[in-house]
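Please give me a short tour of this structure, with what to select at each stop and what is found there.

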Amino acid sequence: MTIGSEVVHGYPHLATVRSALAALHRRLSYDGVHSYAPSVLPADVAFSDQDDLHLGTQRVARALVHHLHLPDARMIVSFRAMEHAASVELAAGPEYFIELNARFRTHRNDIGAALAHEITHVLLHRLGLAFEGTRDNEILTDTVTTYLGAGWLLLDAYREDGTSSQKLGYLTPEEFGYVLAKRATAFGEDPAPWFTSPQAYTAYTKGRARALHDERQPPLTSAGWAGRRRYAKERRNAQENGSRADRGSSSYAFEGGGRDTLRVSFPCPTCEQRIRVPVSGRVRARCALCRTVLECDT
């Protein structure tokens, strides 16, 4: 949680975010991921000043537990002064102890966001899905929270003006928007009406533009003229001189050797799993992981 300090923007964690999306799809499969539709609704996690603090917190926690498919997990939530937004004690269960920053006693609208991140930690613990290192594991948690339909709460907790700022989670606001846009495309949702923070909506639109950029990269037929021209030049070089191991600034890479055996690999714009197809002109590729059908011109 960042309060009163400068909020980092941009996409410094994008490689880890993409790895997290692929890891989530591999762990849950297509059917497992799509069992998390629709997203948690604002009404299910609403928290007014008239609500009892502890009863309201337990109600929101139960809603998130239900949404994240943890029916036998009971969350015991308390508040105390602490440096971070929240923490969770990961044990065998079925009871998990969550501590929230005492600041949330008077900022109740953000309790759902903090709980969503911590309860996703429980889900990942049960799934046995983790990354090496605290930083990457927290990025994984934010990414999974968002892609499984509860992370829009974390983005909506982002607020920034000339005198103060607040952001929950480890992703930048634009990275939250990026993952949320990926989910919106895959699940056919529009999260825009859920935002109460104008800054969160702006970050979502920026992240959505970056996500759409992924869908317009060669060898996809939706790629722009400049990308297609660069791709043709690199394909010709690979055919004449052999494939190159280094992808450089491109998301795609040529593999194999010779004009007849050359293949191109590229990330699926939905789940980030790499797809390999022959360099043979127009082809329709189907991602085996997320079942997305992609029109390619290789």
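Select glycine 242, which follows H8 and has a positive phi, near 95 degrees. This is a predicted model, in which local features need pLDDT of at least 70, side-chain atom pairs count only at pLDDT 80 or more, and totals for chains, interfaces and linings use all residues. Residues are numbered from 1 along each chain as its sequence is written, and side-chain values use heavy atoms, with hydrogens and water left out.

Next, select residues 225-241, helix H8. Helices (H or I, at least four residues) and strands (E, at least two) are DSSP runs, numbered from the N terminus. H8 has 17 residues and reaches 24 Å from its first C-alpha to its last, close to the expected 24 Å (1.5 Å times one less than its number of residues).

Colour Gly227, Arg228, Tyr231, Glu234, Ala238 and Gln239 in H8: these are buried (under 20% relative accessible area; exposed is over 50%, partly exposed in between; 1.4 Å probe, protein chains only). Looking down the axis of H8, the buried residues fall within an arc of 140 degrees, so they line one face of the helix; the arc is that of the directions from the helix axis to the C-beta atoms. On the other side of H8, the exposed residues include Trp225, Lys233 and Asn241.

Now move to the open antiparallel sheet, three strands in the order E7-E8-E9. E7 (253-255) and E9 (274-278) are at the edges with a single partner strand each, so one side of each has no neighbour in the sheet. E7 pairs with E8 (residues 263-267) over three bridges; pairing requires at least two bridges found by DSSP. Finally, select phenylalanine 254 and, opposite, valine 264 in E8.
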